[in-house]
Amino acid sequence: MDVVCSGVVLLMILPIAPVAVAAAQESAVNLLEAEALRKSGWWGDSSITATNISAHCHWSGIICNDAGSVTEILLPNCRIQDGLTNFSFSSFPNLVRLDLSGNGLYGAIPHQIGALSKLTYLNLSSNGLQGELPSSLVNLTQLAHLDVSSNSIGSLIPPGIGNLTNLVTLDLSHNSFGGPIPPTLGQLSNLGSLYLDNNNFNGTIPSGIFNLTSLSRLYIYSNPAMGGFLLEEIGNLKSLVALDLSNNGFSGSIPPTLGQLSNLDILGLSNNHFSGTIPSALFNLTSLSRLYIHSNPLMGGFLPKEIGNLKSLIALKLSYSGFSGSIPPTLGQLSNLDILGLNNNHFSGTIPSALFNLTSLSQLYIHSNPLMGGFLPKEIGNLKSLIALDLSYSGFSGSIPPTLGQLSNLEILDLSNNHFNRTIPSALFNLTNLSLLYIQSNPLMGGFLPKEIGNLKNLIALDLSYSEFSGSIPPTLGQLSNLDILDLSNNHFSGTIPSALFNLTSLSQLYIQWNQIFGSIPSEIGNLQILEYLDLGSNRLTGQIPPTVGNLTAPVNLDLSSNKISGSIPFEIGNLKYLEQLLLGSNRLTGQIPPTLGNLAALFILDLSSNQISGSLPLGLSEITSLQILDLSSNQIRGPIPTQFVDDMLKSYRPIFTLNLSHNILSGTVPSSLMQLSDVDLSYNALEGELPCDLGFQFGSERFVGNRDLRYNSTLCGASPSVMGNHRHHTLYYIIVLGVPLLVFAITGGLVIYICCFKKVEVDLMDNKHGDIFRIWNYDGHMAYEDIIKATNDFGVSYCIGTGGYGSVYRARLPSGKVVALKKLHRLEGENPNFDKSFRNEADVLSKIRHRNIVKLFGFCLHKRCMFLIYEYMDRGSLFCILRDETEAVELDWIKRVNLIKGIASALSYLHHDCDPPIIHRDVSSNNILLNSQLEATLSDFGTARILELDSSNQTVIAGTFGYMAPELAYTMVVTEKSDVYSFGVVVLETLFGKHPQDFLSSFSSQPNEPILLKDLLEARLPPPTNPLVVRNVVVATALALDCVNANPKCRPTMQQVVNRFEEGRRESTRPLHTIAVNQLVSPPVPSLPDQTYTEV
């Protein structure tokens, strides 16, 4: 009985056993998966998640099958910011979908990812991944979707990628892939979308790709090293809907077989080297909505009439090429056309009347076709959808048709540089949506400017220069409250400057030079608080310069030259701290040069020539470190040329300096050190003594004539005065005659200068008792280590104002009364014997950095107990702290924030491009941007990391602050100037947003096309900017910041380009803030120039 029962039980167990084993295996797999998820740390505190292992299928982004095994991990934009090496891919045998896009992931994609044999969907886009695509990826033969776009992955595409025959979408765009495109891609017969754009591929398109007959989207644009002829086989891709090959180097003719792609909706061939004409077969593509063939300078010929067949076209761009002949009237058949760009070609004749049937047209660009001309027909008034019309730089003549006044939606109208005549038709003043109106350089236009111009209340820029307008400037211009740029120069305006103009408080640029304006400059000019460029030169202005000019907070250029202005130069001009050019020459100014001009730290050109200025040379002018041209000629300046004046000029490390002191009453001897300047003119003064030989040879005797008592010893110098006057034509003669004497003079002089300078500049005190090394610049040397101890109460806590990773910062009042910041650094253990010397040399380098937006390093101290750096004290603290203080953040208004951003950009540009060797900061962050009492920014803490790590390699030392570090530093640790550029971009966004932009950067990297309005991101504690100038600066700053935080370092601009972009932005228009989306501000990625050799400090 027992046996029978046992048999029955056995029979019952046998069928259940495999199920139990399978269940046990599944349970083991599930536990392994849960453990792998926990160890990743991506779901928060592991101590919390560890108690919920059985519930891992309910964690965010996890999807499991019925057996509890993970099949999908979907974590887009979750700010993981981690590497992939610690994630156990092999623990997920049933994983089908994996999405980790937009998470700030870094490092290489691990080889282990090839274990996910069931994976059909893999998205690692918009991260900071680098290295290579692992060859194990080719094992994922079930993959239908592979997206690793917007990373920094480089090297070659594995040739085995052709094994992934189930792929429908392959996106490798916005990376650093190089080499040729592998022919094995032609094996992906199911491929529908292929994105290879924005990489470094070279060679041509492999013919195998033209076998992918299922392909609907092919993007290979922005691979500038690609080129060659485009094969005729491209016509095989009959499923193509979008083809973009722009921004490459393709050449030869456009293949006619493109005309077989009957489904094509978008065709981009722009910015290549195609030649010949557009093949007629292309005009069979009746589904085309966008055709871009612009910027192919070798293309040309006549534009065939068959272009009228493309009736679905919405956008047609043929600009910057060589098309000629008449514009075909059949373009008038493209009734859906929204954008038409025919500019910068060689079209001739007039605009065909058929074009005026394109009532859907919003943008029409026909400018820069110098062979076009004739009268502009009145039918142009039919284009009532036009927003932008540019007909500039052509040969149009006759009157401006009044029917233009019917284009009520027009925002941009450019008729400049033509041959229009008569005056502006009054109907144009009905265009109340106009923001930009350019009619300059029409020399036959003129007459009085009607008062109705005041109706154009949305105008941001108005340029009527280089024409023949006359009469008074209409006061109604003062009603254009949004006006940013007003240019009335080079006309025949007369009368006085209407006071209503000074109600235009949004003006940043005002040009009225070269007219016949008389009267005095109104004191109301001080109302134009944000004016940057003011040019009233070459008029008939009289009276004095109003002191209210000093109220202008932003001027960069001030030109009042060639008038009849009298009186003295107002002291208040010294308040214009951003002034770069001050041109007051050819007036009737008297009195002395005010010493306050020495405050103009940004001044580049100072011209006070041809006045009646008296007094002596003010020493303060020579201390303006940015000054490159100083012209004080034709005045009544007396006294000697102080040696200190020349010495101060030479301390500024200027690349060029032009000094013109001619036609004055200067006396005394000529300083020989002047030869180190670029150009000098001291003619017609009362100078005396011997003229140094080297000055005569350097500048020519004509620069010293007219000084009766100035002697030149031709025998000693080895040349006659006549030879000196023509010295540049006798180079060989001078080498032979003067080589040896000058060599001896140079060696002797060099030794003297070295001894004098060494004793004058350096103060090294060696204290045997304490063994300290102390150096401080600009002090008399009577300070020792004990003074610092006393000033800080032995570095007492009450004097500490900040602590960082390298040390603590203390506020100290020196015996002289000056307040400085002392950064006490952590003393390293076991320094090598050369540390002190290296530290001193490094501090010397840093001390020579002179820029108004870089905190000044006064000196340093090395001591057995401690070492510290002595910096200029900035009493408002860091930008980081100010942005986190409710009261101070509001005080930092939009103008101050924009100026702060420009200042830091200028500082970094100086470090990168003006220092020799260039210097990388390595730790740009809001903590290291300090503000003075006026909330002006200075860059600090540059060099500290290098000083403390003199023997460390840049390959192994992590420098920077998390949240500001460029993503590539997490895995390469190779620092370039583009690391600073990325950090700068983060700081800019933080300044504009009022908080760290981490959340924005994560979401934007994953969804760059999402239309987020800029106004919704800006600092909420400030009212939105409404002033057009401020809006424009904020928009330009945001656009630059987005370029700077590009994940690909090669696509980031240089800091010099950033500074230049701010300058170029001065003449740009800006739409209202509420219409601007962030995704519209991103520039197309264009790799910048290769990096220079940099010094890391």
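The chain runs through 17 helices and 63 strands, and what you are looking at is a predicted model. Of its 1097 residues, 54% are buried. If you take contacts between residues at least 6 apart in sequence, 56% of them join residues at least 24 apart.

Let's go inside. The largest nonpolar core has 195 residues. Which residues have the most contacts inside it? They are Ile 73, Leu 170, Leu 316, Ile 573, Leu 582 and Leu 674. At least two residues of this core come from each of H1, S2, helix H3 (643–650) and helix H4 (693–699). H3 gives the largest share, with 3 residues.

Setting aside its neighbours within four places in sequence, you'll find Leu 582 in contact with Leu 558, Ile 573, Leu 597, Leu 600, Leu 603, Ile 605, Leu 606 and Asp 607. Ile 573 turns up here as a contact of Leu 582, and Ile 573 is also on the list of residues with the most contacts inside the core. Apart from this core there is another one, made of 76 residues, including Leu 846, Ile 849, Val 1058 and Ile 1076.

Now for the rings. A pair of aromatic rings is described by how far apart the centres are and by the angle between the planes. The model has 12 aromatic pairs. One of them is Trp 42 with Phe 87, whose centres are 4.7 Å apart and whose planes are at 0°, a stacked pair. Trp 42 has a relative accessible area of 14%, so it falls under the 20% cut-off and is buried. Phe 87, at 2%, is buried too.

Tyr 219 and Tyr 221 make an edge-to-face pair, because their planes are at 85°, over the 60 degrees needed, with the centres 6.1 Å apart.

The charged end of Arg 811 sits over the ring of Tyr 873, 5.2 Å from the ring centre. Arg 897 does likewise with Trp 894, its charged end being 5.7 Å from the centre of that ring.

Trp 894 also brings us to helix H12, which covers residues 894–914. H12 has 21 residues and spans 29 Å from first C-alpha to last, close to the 30 Å expected at 1.5 Å a residue. At the start of H12, a side-chain oxygen of Asp 893 comes to within 3.2 Å of the backbone nitrogen of Ile 895.

One last stop is Asn 1033, in helix H16 (residues 1028–1044). Asn 1033 is buried, with a relative accessible area of 10%. What does Asn 1033 touch, not counting residues up to four places away in sequence? The answer is Glu 532, Val 898, Lys 902 and Phe 1062.

Key. Residues are numbered from 1 along each chain as its sequence is written. This is a predicted model: local features need pLDDT of at least 70, side-chain atom pairs count only at pLDDT 80 or more; totals for chains, interfaces and linings use all residues. Side-chain values use heavy atoms; hydrogens and water are left out. Rings of Phe, Tyr and Trp (its six-membered ring) pair if their centres lie within 6.5 Å; planes under 30 degrees apart count as stacked, over 60 as edge-to-face and the rest as tilted. Buried means under 20% relative accessible area, exposed over 50%, partly exposed in between (1.4 Å probe, protein chains only). A charge sits over a ring if NZ of Lys or CZ of Arg is within 6 Å of the ring centre and within 35 degrees of the ring normal. A nonpolar core is a set of buried Ala, Val, Leu, Ile, Met, Phe, Trp, Tyr and Cys residues joined through side-chain atoms within 4.5 Å. Helices (H or I, at least four residues) and strands (E, at least two) are DSSP runs, numbered from the N terminus. Contact means heavy atoms within 4.5 Å. The expected span of a helix is 1.5 Å times one less than its number of residues. A polar contact is a pair of N or O atoms within 3.5 Å; within protein, one must be able to donate a hydrogen and the other to accept it, and residues adjacent in sequence count only if both atoms are side-chain atoms.
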